[in-house]
Amino acid sequence: MAAVEPVKGAAGSRPRVLCLHGFGTNARFMRLQTKFINPEFNAWFELVFMDAPHPYRLPPNQDVVLMGVEGPYFQWWDLHGDSSSGLAEAIDAVCAALRANAPVHGLMGFSQGALLAMSVCLLQHRLDPRLAGLPALQFAICWAGFLPPKGGLFEPIFGPMSTEGESRERARLGIPVVHICGRQDTTGADPVRCLEASEQG
């Protein structure tokens, strides 16, 4: 495995991290989540928050209500309907945010946002033209992340979702990724498969 250089911003600055919220929430909710999970995040990183491009029109989940975060709420793609165009638009939105806030040193995603963060890192590793000219992402932090089911929308990005042979090699992200999942997580998070997909190639 290649040596990993310490992540640094410009002289005297904190590394900048683009934060991708979870399904059916928004940037304000993730801002509160990061403070709740670890108050030191703002001391370590310059956090930049963005809303997903697609509206979420169902009632908010209990956590959003309890934390008093008002809408509108958003989703990166529709988990319950036709998401054929949702993912491409989500990736385009993240690429636009990376350009608007450059240099961005890393991504941090929660749940649906974690899967999107892994997708963008993998696209970078494969030299996708949508990321051309951007400073390279150096790391990602994924909370309650999961991988997509076999087939469908994500297969062109991740390849067949297997941990064996060529398929496993195709799914490597090429940069350090931290995966965090609670012992009682009920969101379907799958840290073992996420770790297998995140090994540096």
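Just after α5, Leu127 adopts a positive phi of about 60°. Helices and strands here are DSSP runs (H or I and at least four residues for helices, E and at least two for strands), numbered from the N terminus. This is a predicted model, in which local features need pLDDT of at least 70 and side-chain atom pairs count only at pLDDT 80 or more, while totals for chains, interfaces and linings use all residues. Residues are numbered from 1 along each chain as its sequence is written, and side-chain values use heavy atoms, with hydrogens and water left out.

Let us stay with Leu127 for a moment. Leu127 sits in the loop between α5 and β6, and its positive phi belongs to a residue other than glycine. Is Leu127 buried or exposed? Leu127 counts as exposed because its relative accessible area is 73%; buried means under 20% relative accessible area, exposed over 50%, and partly exposed in between, with a 1.4 Å probe and protein chains only.

Ser111 also has a positive phi without being a glycine, near 55°. This residue lies in the loop between β5 and α5. Ser111 counts as buried because its relative accessibility is 11%.

Now look at α5 itself. The helix has 14 residues and spans 20 Å from its first C-alpha to its last, close to the 20 Å expected at 1.5 Å a residue; the expected span is 1.5 Å times one less than the number of residues. Of its 14 residues, 13 are buried, so α5 is mostly covered, by the cut-off of under 20% relative accessible area.

Where do such buried residues go? A nonpolar core is a set of buried Ala, Val, Leu, Ile, Met, Phe, Trp, Tyr and Cys residues joined through side-chain atoms within 4.5 Å. The largest one has 36 residues, and the members that touch the most others are Leu18, Trp76, Val94, Leu98 and Leu116. At least two residues of this core come from each of β1 (16-20), β2 (46-50), α4 (86-100), α5 (112-125) and β6 (139-143). With 9 residues, α5 gives the most to this core.

The next stop is α4. It has 15 residues and reaches 21 Å from first C-alpha to last, close to the 21 Å expected at 1.5 Å a residue. Its buried residues include Gly86, Leu87, Ala90, Ile91, Val94, Cys95, Ala97 and Leu98. Leaving out residues up to four places away in sequence, Leu98 touches Leu18, Val104, Leu107, Val120, Leu131, Leu134 and Leu137; contact means heavy atoms within 4.5 Å.

Val104 and Val17 are 87 residues apart in sequence, yet their C-alpha atoms are 5.8 Å apart in space. Beyond its neighbours within four places in sequence, Val104 contacts Arg16, Val17, Leu18, Leu98, Pro135, Ala136 and Leu137.

The loop between α4 and β5 also holds Pro103, and the peptide bond from Ala102 to Pro103 is cis, with omega near 0°. Another cis peptide bond joins Gly71 and Pro72, where omega is about 10°. Pro72 lies in the loop between α3 and β4 (73-75).

How many salt bridges are there? The count comes to 2, with a salt bridge taken as a side-chain nitrogen of Lys or Arg within 4 Å of a carboxyl oxygen of Asp or Glu. Glu46 is partly exposed, as its relative accessible area is 27%. Asp128 and Arg130 also meet in a salt bridge, at 2.9 Å, N to O. Here Asp128 counts as buried because its relative accessibility is 15%, whereas Arg130, at 32%, counts as partly exposed.

Finally, turn to the surface. Leu32, Leu66 and Met67 form a nonpolar patch there, with about 270 Å² of accessible area together. Patches are made of residues with over 30% relative accessible area and no salt bridge, joined within 9 Å for like charges and within 5 Å for nonpolar side chains (Val, Leu, Ile, Met, Phe, Trp, Tyr). Accessible areas come from the Shrake-Rupley method with a 1.4 Å probe, and for residues only the protein chains shown count as cover. Leu66 belongs to helix α3 (residues 62-66) and counts as exposed because its relative accessibility is 63%.
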